[in-house]
Amino acid sequence: MVIEQIHDTDAELLLECSDHALGYHAFVALYSTARGPALGGIRRYAYLDRAAAVDDAIALARSMAHKSALADLPFGGGKSVIWDTGRAPREALYLAHARVIEELDGRYIGAGDLGTTREDVATMRRLTRFVAGHTEPAQWTARGVVRGIEAAAMHLWRSADLAGCTIAVQGCGNVGAHVARELHDAGASLLVADPDPARVHRITMRYRASAVDPAGLLETTADILAPCAVGGVLDHAVIPRLQATVVAGAANNQLQGRRAADLLARRGILYLPDYLINAGGLMTAGVDLLGWSLNELERRVDGVFHETLRILEEAARKHTTPLAVADRIAFGRLREPASDLPV
Ligand code: NAI
């Protein structure tokens with residue numbers, strides 16, 4: 001195993017790790033540990049090239065740092081990516097990665113992510129205790145997203161009651177399905193889309209949702225649009241065609257570039273920063289690493305409602321975007337050490 005530090009980066013520590021004989025090649029990015037250990041999932045993906053893997057690791061670590069800081073958790077932000085070339089057996093890849101994480105001795109705490117299941121996390125636990133992911137995050141992510149949506153309704157329409165609202169949900173995966181359930185229970189009418197017809201079928205049957213062609217979902221007429229699929233969906237081409245009053249979803253990095261937030265604001269569309277309202281999944285680390293009870297987790301995730309409302313009100317008062325307010329709070333907190341440290 002060769003572990004080398006890459007210096008040309010704004011991350012606090014960026015490591016390139018490889019075991020050529022095994023076919024293992026990974027990058028570990030610790031964006032910041034000022035508030036605590038850098039927490040962030042382990043992505044396994046068939047990247048096109050080395051640069052794509054490095055860029056992904058750094059961008060994801062940076063957004064984890066901001067998400068943790070905004071949620072006021074005693075964690076920094078990190079991420080690791082395994083560049084899967086299909087050469088190594090899966091178990092061997094994760095055991096190699098566990099050795100790297102163990103070497104970091106708690107500066108980085110890994111967790112599940114795209115391509116990394118609970119079984120993979122269990123494999124790594126054989127060699128290191130620095131992997132979280134015991135508590136299933138998707139339902140908590142969804143719960144926080146729905147609290148955020150309720151806060152937007154409160155802010156705009158003076159009632160958090162979603163009965164009668166039409167909400168378009170992009171993506172019927174782990175989080176999207178829970179979002180649909182919560183919104184249905186709250187009395188909203190749902191439009192849903194996913195390229196996987198079986199997933200769409202399940203949601204339309206269970207929650208009386210109407211299916212929409214995935215190609216047209218973003219532009220469909222709805223009060224609220226909830227992107228819960230992939231990142232980068234809000235770009236300069238799609239924003240002029242959006243029909244919703246509010247955009248609030250779970251997907252990480254929904255904006256294609258910083259200018260997208262201004263474009264949305266100019267169109268009078270209220271955009272809730274993704275990393276503000278999708279932090280419920282990250283908060284499950286409180287149970288796994290800080291000894292929180294499920295009641296405490298519930299309380300913190302439901303706190304997304306008040307935090308979102310506070311940010312929306314401040315943005316309105318200061319004639320700026322909610323993203324600008326959230327960024328200011330997150331950047332400020334990134335420099336403060338957190339008080340309660342992980343166990
Ligand atoms: P997932 O992989 O279970 O679901 C994603 C779904 O989106 C899949 O069903 C996929 O077929 C669908 N999809 C892909 N392209 C689409 C398109 N163009 N239109 C409609 N649907 C499309 O992933 P999961 O866990 O539900 O995560 C969803 C998003 O939320 C991701 O962006 C993820 O990064 C983000 N997120 C997830 C968290 C979690 O707790 N799982 C935590 C925070 C963020």
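## Strands β2 and β3

Leu-14 stands opposite Ala-29 in β3, in a model that is predicted rather than determined by experiment. Strand β2 (residues 13-19) and strand β3 (residues 24-32) pair in the antiparallel sense over 7 bridges, where strands are DSSP runs marked E of at least two residues, helices are runs marked H or I of at least four residues, and both are numbered from the N terminus. Two strands count as paired if DSSP finds at least two bridges between them. Strands of a sheet pair through backbone hydrogen bonds, either parallel or antiparallel.

Between β2 and β3, which form a hairpin, there are 4 residues, and Gly-23 in the turn has a positive phi of about 90 degrees. β2 also pairs with strand β1 (residues 2-5), in the antiparallel sense over 4 bridges, and here Gln-5 stands opposite Leu-15 in β2. Strand β2 is mostly covered, since 5 of its 7 residues are buried; buried means under 20% relative accessible area, exposed means over 50%, and partly exposed lies in between, with a 1.4 Å probe and protein chains only.

## Reading the model

Residues are numbered from 1 along each chain as its sequence is written. Because the model is predicted, local features need pLDDT of at least 70 and side-chain atom pairs count only at pLDDT 80 or more, while totals for chains, interfaces and linings use all residues, and side-chain values use heavy atoms, with hydrogens and water left out.

## The parallel sheet

An open sheet is formed by 6 strands in the order β10-β9-β8-β11-β12-β13, and the pairing is parallel. Its edge strands, each pairing on one side only, are β10 (210-211) and β13 (270-271). Within this sheet, strand β11 (residues 224-227) and strand β12 (residues 246-247) pair in the parallel sense over 2 bridges, and the bridge partner of Ile-224 in β12 is Val-246.

## Two buried residues

Arg-43 has its place in strand β5 (residues 42-45) and is buried, with a relative accessible area of 16%. Leaving aside neighbours within four places in sequence, Arg-43 is in contact (heavy atoms within 4.5 Å) with several residues, including Asp-56, Ser-80, Asp-113 and Thr-116.

Ala-111 lies in the loop between β7 (108-109) and α3 (118-125), and at 15% relative accessibility Ala-111 counts as buried. Not counting residues up to four places away in sequence, Ala-111 touches Gly-40, Gly-41, Ile-42, Thr-116, Val-121 and Ala-132. Ala-111 and Ala-285 are 174 residues apart in sequence, and their C-alpha atoms are 9.2 Å apart in space.

## Around the ligand

There are 19 residues around the ligand, of which Thr-141, Val-175, Asp-194, Arg-199 and Ala-229 come nearest; a residue is near a molecule if one of its heavy atoms lies within 4 Å of it. By class, this shell has 9 nonpolar, 7 polar and 3 charged residues, where Ala, Val, Leu, Ile, Met, Phe, Trp, Tyr, Cys and Pro count as nonpolar, Asp, Glu, Lys and Arg as charged, and the others, Gly among them, as polar.

A polar side-chain atom of Thr-141 lies 2.7 Å from an oxygen atom of the ligand. A polar backbone atom of Ala-229 is 2.9 Å from an oxygen atom of the ligand, and for a polar backbone atom of Ala-250 the distance to an oxygen atom of the ligand is 3.5 Å. Taken alone the ligand exposes 830 Å², and the protein buries 76% of that, with areas from the Shrake-Rupley method and a 1.4 Å probe.

Conventions: Polar contact = N/O pair within 3.5 Å; in protein donor to acceptor, adjacent residues only side chain to side chain.
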